[in-house]
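Subject: Structure handover

Hello,

The structure is placed below, followed by notes on what was found in it. Please read the notes with the model open.

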Amino acid sequence: MAYIDAENILIDNKTCSASVVGDVVDLGNRGGFTQPLYVDVKLTEKTSSGKMDKVTLESAPTSGFTSGTVSTEAEVILHGGTAQAQHPMTLAQFHAPIKAENRYIRLTATASSVSGGKIMATMQQGIAVPY
């Protein structure tokens, strides 16, 4: 079983903008996961205008994401533009397998035009989602 960082945070309550890049998380070198990671993305404060459009989870063999193969593990289109300006909400929840050779991951959230709001993203290993 691989170990995840103690906080399990991909994006730590950052202000929404055209591109919000989360911290790089080291998954460790103990091998792959037996189950995909479960990613939970929330809007913790409503936006003033606009909306967050997409989240992308990437993995890489190096922490700089500059050498080796950077893999897009999951990409989710976000909905609820009007609702994002009305109240905090869940933007996305998804399972994401990570390429076995890639030790580092990061989450990026993008928007075409947004002001205000805060975004938070966490991950867990081995969470079961009932049918």
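Helices (H or I, at least four residues) and strands (E, at least two) are DSSP runs, numbered from the N terminus. This is a predicted model, in which local features need pLDDT of at least 70, side-chain atom pairs count only at pLDDT 80 or more, and totals for chains, interfaces and linings use all residues. Residues are numbered from 1 along each chain as its sequence is written, and side-chain values use heavy atoms, with hydrogens and water left out.

Overall picture

The protein has seven strands and one helix. Along the sequence the order is β-β-β-β-β-α-β-β. Of its 131 residues, 40% count as buried; buried means under 20% relative accessible area, exposed means over 50%, and partly exposed lies in between (1.4 Å probe, protein chains only). The accessible surface is about 6800 Å², and carbon and sulfur atoms account for 50% of it. These areas come from the Shrake-Rupley method with a 1.4 Å probe, and for residues only the protein chains shown count as cover.

Contact here means heavy atoms within 4.5 Å. Among contacts between residues at least 6 apart in sequence, 79% join residues at least 24 apart.

Strand pairing

The core

A nonpolar core is a set of buried Ala, Val, Leu, Ile, Met, Phe, Trp, Tyr and Cys residues joined through side-chain atoms within 4.5 Å. The largest one has 30 residues, and those with the most contacts inside it are Leu 10, Val 41, Met 52, Leu 57, Phe 94, Ile 105 and Leu 107. S7 provides the largest share, eight residues. In soluble globular proteins, nonpolar side chains tend to be buried together.

Val 41 is in strand S4 and is buried, at 0% relative accessible area. Leaving out residues up to four places away in sequence, Val 41 touches Val 55, Thr 90, Leu 91, Ala 92, Phe 94, Leu 107, Ile 119, Met 120 and Ala 121. Val 41 and Ile 119 are 78 residues apart in sequence, but their C-alpha atoms are 7.3 Å apart.

Ile 105 has contacts that include Leu 10, Val 24, Leu 37, Leu 57, Phe 65 and Met 123, with neighbours within four places in sequence set aside.

Ser 59 is in strand S4 and counts as buried, at 0% relative accessibility. Beyond four places in sequence, its contacts include Phe 65, Ser 71, Ile 98, Tyr 104 and Ile 105. Ser 59 and Ser 71 are 12 residues apart in sequence, with 5.2 Å between their C-alpha atoms.

The C-alpha atom of Gly 64 is 8.9 Å from that of Tyr 104, a residue 40 places away along the chain.

Phe 65 has a phi near 55°, a positive value in a residue other than glycine. The charged end of Arg 106 sits over the ring of Phe 65, 4.1 Å from its centre. A charge sits over a ring if NZ of Lys or CZ of Arg is within 6 Å of the ring centre and within 35 degrees of the ring normal.

One other positive phi

Asn 13, found in strand S1, has a phi near 50°, a positive value in a residue other than glycine. Asn 13 counts as partly exposed, at 30% relative accessibility.

Regards
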